[in-house]
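Thanks for coming. Please have the structure open while I talk.

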Amino acid sequence: MWAEFEWENKVAVNTTFTDCNSFLNHIVATTNMQCLTPPTALDVNKQLSPSLCWAIGEQLALSAMLLIDRSLHFLPSLWWTACDCGYLAANLYAKSVFGEDALVNVSVEKQSDGRLAGYIRIRSKTQGIALSLGDKITLKQKA
């Protein structure tokens, strides 16, 4: 499904948040999106090293993105891949009032100074959705 959406907007993470989960929850809340990444990844990642945690998180996030079903009404609103090591990879989904789909990949890590760094990639079939959602995330990520 990710490859079907030809328009991409890549937004750099620039936030005052210092916790990955809080940042993800804020992005989900401010964009009215659903998080698609399974919650079971959270328990697995707590037992892993930071580099392995990041690699597995990204693979789970990509797998979830590739395997999602078009009927997403059954998914809970907050599923994420995160761990205590300071890394997070999650996929979000939304449908506009006009029926246009948008997919978002959030990939962040906690830096040694406590700040979060990473990117939020927005994909959609139309340029307008990708750009407007990117603008909204840019404005709202500071919190």
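By salt bridge I mean a side-chain nitrogen of Lys or Arg within 4 Å of a carboxyl oxygen of Asp or Glu. Keep in mind that this is a predicted model.

With that criterion, the pair of lysine 95 and aspartate 101 qualifies, at 3.3 Å from N to O. Aspartate 101 is buried, with a relative accessible area of 10%.

How many salt bridges does a search of the whole structure find? The answer is three.

Please move to glutamate 8. Its side chain meets that of arginine 121 in a salt bridge, 2.9 Å from N to O. Glutamate 8 lies in strand β1, residues 7-12, and arginine 121 in strand β6, residues 116-124, so this pair ties together parts that are 113 residues apart in sequence.

Glutamate 8 also forms a salt bridge with arginine 123, where the closest N and O atoms are 2.8 Å apart. Here again the glutamate is in strand β1 and the arginine in strand β6, so parts 115 residues apart in sequence are tied together.

Now the accessibility of these residues. Glutamate 8 counts as partly exposed, at 35% relative accessibility. Arginine 121 is partly exposed as well, with a relative accessible area of 27%. Arginine 123, at 12%, counts as buried, because buried means under 20%.

To return briefly to the pair I began with, lysine 95 and aspartate 101 meet in a salt bridge. As for the others, shared partners join Glu8, Arg121 and Arg123 into one network.

The second topic is helix packing. Look at helix α1, residues 20-31, and helix α4, residues 127-140. Their axes come within 10 Å and cross at roughly 130°.

Which residues make the contact? From α1 they are His26, Ile27, Thr30 and Thr31. From α4 they are Leu133, Lys136, Ile137 and Lys140. Sorted by class, the contact of α1 with α4 has three nonpolar, three polar and two charged residues.

That is what I have for today.

Terms used
Residues are numbered from 1 along each chain as its sequence is written. This is a predicted model: local features need pLDDT of at least 70, side-chain atom pairs count only at pLDDT 80 or more; totals for chains, interfaces and linings use all residues. Side-chain values use heavy atoms; hydrogens and water are left out. Helices (H or I, at least four residues) and strands (E, at least two) are DSSP runs, numbered from the N terminus. Buried means under 20% relative accessible area, exposed over 50%, partly exposed in between (1.4 Å probe, protein chains only). Axes are lines fitted to C-alpha atoms, for helices over the stretch in contact, and angles run from 0 to 180 degrees between N-to-C directions. Contact means heavy atoms within 4.5 Å. Ala, Val, Leu, Ile, Met, Phe, Trp, Tyr, Cys and Pro count as nonpolar, Asp, Glu, Lys and Arg as charged, and the others, Gly among them, as polar.
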